[in-house]
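I opened this model to look up a few local features. My entries follow in the order I made them.

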Amino acid sequence: MKFKSIKGTKDILPGEVEAWQHIEATVRRVMHSFNYREIRTPVFELTALFARSIGELTDIVSKEMYTFRDRSDESLTLKPEGTASVLRAYIQHNLGEQAPLIKVYYIGPMFRQERPQAGRLRQFHQFGAEALGSQSAQLDAEMMLIPLDIYQALGIAQSRLKINSVGCERCRPAYKEKLVRELMMSYDNLSPESRARVKQNPLRVLDSKDENDRQLTKHAPLMKDYLCQECSDHFAAVLALLDATGTPYEIDGRLVRGLDYYTKTAYEIISPALGSQDALAGGGRYDLLTQELGGKPTPAVGFAAGMERLIVALEKAGTTASGNQSPVLFIATIEEPARRWAFVKAHELRSQGLSVELDYLGRSLKSQMREANRQRSRYLLVVGEDELKSGLAKLKDMETGTETSVTLSDIQRALKR
Ligand code: HAM
């Protein structure tokens, strides 16, 4: 039997991984520029953590989680997103007592058992950030600027920021009632999915992709028009900061996120280069969640961005990082004792930080030289018995084709990186 990777998961092979490394390095650089510190949480958590935070009735919790019982009969779940884990860690380690504002970022795999399609995997990767401890609209805006800055640094020109306010526990209930009354008038004509949502999560009906649903809800009331003073002021403050930083955005009163924990700001960054799964990133404020999970009331805001989708968008933009991780030096050898000499020399050079390759397959000199070429090694050194005796060998610069005679004991000096 030949084993294959699980449906909806992907190997990232040499040649592809360089684009990932480039993205990760850019993410880290931009995160550090905003003074976010990295946090790494486990890949699995208690199932209840996600059910409590993301919401029992969301698609993620009701249909998509990788949940299993371990040998102690504990219900565990591979994390479908990062926010709940960050909050769990924040509460568990009393991070709020160490500093009034905690700003963290993460990069890592997430798991959702969705129907695999372009831009939708079962193991996918996100980078994201969370800021815990402040109500400031500056942080809401920052959570949009961070991914946008990362996209810009990577060369994604076209992305659209869509933003909404989903209100708070004071203004949302009355609005929800109003919306449900309105939706009930066309209830029988709504799609089955939207009908189910009318009672469970009516705001999500507005987000339906079904054309008929969209027609029916064309004049439905939108949360952004029913915000309380505090939410309305906060929304205006976020938009003003986006204006002040020259960040283009679209207000989308129908934008509702697929996770239940949001209050006030909710946003998505869309790439027109992607197909139906066009959300590059999403986030928002979740001021009630820490308390919901047993911590002290802590206003918070964050975002997460899909990395597979980013790679697709980069490919479409023609700006994928070319993955060249070539060795500086290839040492071609002619028989023993040159092979052993090369092994020891390579170790010495490697410990000085140089990337050095050897022949491990006992190939002919000609075929070793071909290999050095294939690997695009910057230099080629040929060593046999004569070279070992004289202590001198030919070093070929593979870029220019020029050959120089070098002292074997002092090769590193001749290597320009
Ligand atoms: P989310 O919208 O569920 O938010 O996911 C964020 C991003 O992850 C999406 O915009 C998409 O790019 C990527 N993504 C999600 N599911 C998949 C999938 N199956 N395959 C490939 N990519 C996917 C969250 O996860 C929230 N935790 C964001 C957040 C952080 N809100 C506040 N803080």
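**Aromatic pairs**

I began with F68, which is partly exposed because its relative accessibility is 34%, between the limits of 20% and 50%. The model is predicted, so I take each value as computed from it. I looked up F44 next and found a relative accessible area of 44%, so F44 is partly exposed as well.

I then counted aromatic pairs and got 5. F44 and F68 make one of them: I read 6.3 Å between the ring centres and 65 degrees between the planes.

**Ligand site**

How many residues surround the ligand? I found 27. The closest are E81, E114, E130, Y262 and A279.

I sorted the shell by residue class. It holds 12 nonpolar, 8 polar and 7 charged residues.

Which strand gives the most to the shell? I found that β10 does, with 6 residues. Strands β6 (123-132), β10 (279-285) and β11 (300-306) each supply at least two.

The side chain of T83 has an N or O atom 2.9 Å from a nitrogen atom of the ligand. The side chain of R257 places an N or O atom 2.8 Å from a ligand oxygen. For F303 I noted a backbone N or O atom, 3.3 Å from a nitrogen atom of the ligand. I then looked up cover: on its own the ligand has 660 Å² of accessible area, and the protein covers 96% of this.

**Backbone geometry**

I kept one rule in mind here: most residues other than glycine have a negative phi, and most peptide bonds are trans.

D73 is not a glycine, yet I read a positive phi of about 65 degrees for it. I placed D73 in the loop between β3 (67-69) and β4 (75-78). Is D73 buried or exposed? Its relative accessibility is 53%, so D73 counts as exposed, the limit being over 50%.

E335 is another non-glycine with a positive phi, about 55 degrees. I found E335 in the loop between β12 and α13. E335 is exposed because its relative accessible area is 56%.

I stayed in that loop for the next entry. The peptide bond from E336 to P337 is cis, and I read omega near 5 degrees. P337 lies between β12 (329-333) and α13 (338-350).

**A buried aspartate**

I found D397 in strand β15, which spans residues 392-397. Its relative accessibility is 8%, so D397 counts as buried; the cut-off is under 20%. What does the side chain of D397 reach? I found the backbone nitrogen of E399, at 2.9 Å.

Conventions. Residues are numbered from 1 along each chain as its sequence is written. This is a predicted model: local features need pLDDT of at least 70, side-chain atom pairs count only at pLDDT 80 or more; totals for chains, interfaces and linings use all residues. Side-chain values use heavy atoms; hydrogens and water are left out. A residue is near a molecule or strand if one of its heavy atoms lies within 4 Å of it. A polar contact is a pair of N or O atoms within 3.5 Å; within protein, one must be able to donate a hydrogen and the other to accept it, and residues adjacent in sequence count only if both atoms are side-chain atoms. Accessible areas come from the Shrake-Rupley method with a 1.4 Å probe; for residues, only the protein chains shown count as cover. Helices (H or I, at least four residues) and strands (E, at least two) are DSSP runs, numbered from the N terminus. Ala, Val, Leu, Ile, Met, Phe, Trp, Tyr, Cys and Pro count as nonpolar, Asp, Glu, Lys and Arg as charged, and the others, Gly among them, as polar. Buried means under 20% relative accessible area, exposed over 50%, partly exposed in between (1.4 Å probe, protein chains only). Rings of Phe, Tyr and Trp (its six-membered ring) pair if their centres lie within 6.5 Å; planes under 30 degrees apart count as stacked, over 60 as edge-to-face and the rest as tilted.
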